[in-house]
Amino acid sequence: MQRVPLPKAPGLATVAISALTKPPMPVHLNQNLLDTSTPPIPEAYGWSESYGGGHGPLINMAQAAPSNPPHPDLIARIGQSASDPAGMRYGPIGGDLVFRQAFAAEQSAIYGGEVGADEVAVTAGCNLAFFITMVSLAKAGEAVILPAPWYFNHEMALKIQGIEARRLQLRAENGFVPRVEEAEPLIDAKVKAIVLVTPNNPTGAVYPESTIRDFAALCRRKKIALVLDETYRDLMPAQHECPHRMFADPQWRDTIIQLYSFSKAYCIPGHRLGAITAGRDTQVEIGKALDTVQICPPRPAQAALTWAIPAMREWRAENRAEINRRAEAFRAAFTELNDWHVASVGAYFAYVRHPYRGQPSRTV
């Protein structure tokens with residue numbers, strides 16, 4: 001960066017120096033927001049922008065999002081629906097009915113249970129699905145159990161709302177799979193839900209069906225919700241074709257709330273579509289929160305995905321196989337690195353132990 005000399009005038013040097021310091025925060029801002037950490041992905045992209053290429057081409061591992069484009073037929077259909085004047089009007093709060101019907105049918109087929117269209121709410125992305133679910137379950141001063149290490153936006157969403165993120169520590173020796181016997185002592189009158197993310201962000205761990213079933217039983221016994229964030233469901237290894245069978249239990253509506261993202265499976269993160277699957281009574285209350293935030297989810301992609309859900313199963317399977325090939329290639333590559341260890345890998349994630357003892361990950 002070229003150094004530009006300051007003009008020699010009274011006060012200018014003082015002004016220039018003070019401009020480099022961080023100004024005090026306005027006193028009117030929400031203290032919960034001020035206490036919330038900033039997201040790390042923009043920071044990582046800032047690092048990439050400062051890299052001059054001295055060690056070869058940059059390998060971008062900063063964000064768990066598709067790098068390949070959507071299927072050409074899906075692009076064409078989104079373009080068609082985006083030019084339809086009908087799709088530019090307000091739609092139902094919880095998403096267009098035909099889209100919810102298509103997704104509910106897919107849910108029922110995958111999990112071997114019964115999910116109705118009125119048990120699905122479409123959201124502007126899965127981050128919003130999580131935020132709205134937390135708004136619906138807990139209020140300021142209450143708590144949600146969140147396995148750690150956690151997806152940073154989950155903790156941020158709770159912090160902003162004044163909800164305690166009660167830490168359930170995940171351990172490498174357990175494959176970063178949470179343990180019911182460690183979660184139960186954390187539950188008291190303040191706890192309103194337990195969140196499980198599988199495949200996990202950020203560890204990549206895939207939770208066994210038995211773990212999900214045991215947590216569901218715990219939550220039912222304690223009369224709290226089990227929130228299953230399955231954003232990366234469609235990228236699980238082939239042996240996990242059915243992640244669990246919780247929707248086959250007629251009592252699932254009393255306990256289970258599931259979150260899903262269309263961004264990853266269909267490579268359309270810019271179109272912001274997610275979903276909440278929950279019982280009908282719960283959806284009535286969720287609808288209140290959705291109406292205050294999104295009014296209706298984006299409509300052009302809904303129309304295109306109504307076709308894509310049944311039509312693109314084979315294409316999604318190919319993407320799934322490719323992601324899992326990359327995971328195996330990543331694991332194999334790390335076996336050649338001295339003193340590095342892949343602790344867990346799955347979907348878009350690998351959790352790696354580095355050899356620099358005493359150094360924080362950010363420094364490494």
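In helix α7 (residues 152–160), the residues N153, H154, E155, M156, A157 and L158 are buried, that is, under 20% relative accessible area with a 1.4 Å probe and protein chains only, where over 50% is exposed and in between is partly exposed. The model is predicted, with local features requiring pLDDT of at least 70 and side-chain atom pairs counting only at pLDDT 80 or more, while totals for chains, interfaces and linings use all residues. Residues are numbered from 1 along each chain as its sequence is written, and side-chain values use heavy atoms, leaving out hydrogens and water.

**Surroundings of α7**
- The buried residues of α7 pack against α6 (126–137), β2 (143–148), β3 (164–169), β4 (191–197) and β5 (225–229); contact here means heavy atoms within 4.5 Å.
- Helices (H or I, at least four residues) and strands (E, at least two) are DSSP runs, numbered from the N terminus.
- G162 follows α7 and has a positive phi, near 75°.

**Packing of α4 on α12**
- Helix α4 (residues 72–82) packs with helix α12 (residues 300–311) at an angle of about 140°, and their axes are 8 Å apart; axes are lines fitted to C-alpha atoms, for helices over the stretch in contact, and angles run from 0 to 180 degrees between N-to-C directions.
- α4 and α12 are therefore oblique to each other, since angles under 35 degrees count as roughly parallel, over 145 as roughly antiparallel, 65 to 115 as roughly perpendicular and the rest as oblique.
- On the α4 side, D73, L74, R77, I78, S81 and A82 meet P300, A301, A303, A304, L305, W307 and A308 of α12.
- The residues of this contact of α4 with α12 comprise 10 nonpolar, one polar and two charged; Ala, Val, Leu, Ile, Met, Phe, Trp, Tyr, Cys and Pro count as nonpolar, Asp, Glu, Lys and Arg as charged, and the others, Gly among them, as polar.

**Packing of α5 on α12**
- Helix α5 (residues 97–111) and α12 pack at an angle of about 30°, with axes 9 Å apart, and are therefore roughly parallel to each other.
- V98, F99, A102, F103 and E106 of α5 meet Q302, L305, T306 and I309 of α12.
- The residues of the contact of α5 with α12 divide into six nonpolar, two polar and one charged.

**Cysteines**
- Zero disulfides are found in a search of the whole structure, a disulfide being a pair of cysteine sulfur atoms within 2.5 Å.
- The sulfur of C219 lies 18 Å from the closest cysteine sulfur, in C126, which is too far for a bond.
- C242 is likewise in no disulfide, the nearest cysteine sulfur, that of C126, being 19 Å away.
- C219 is buried, with a relative accessible area of 0%, whereas C242 is partly exposed at 23%.
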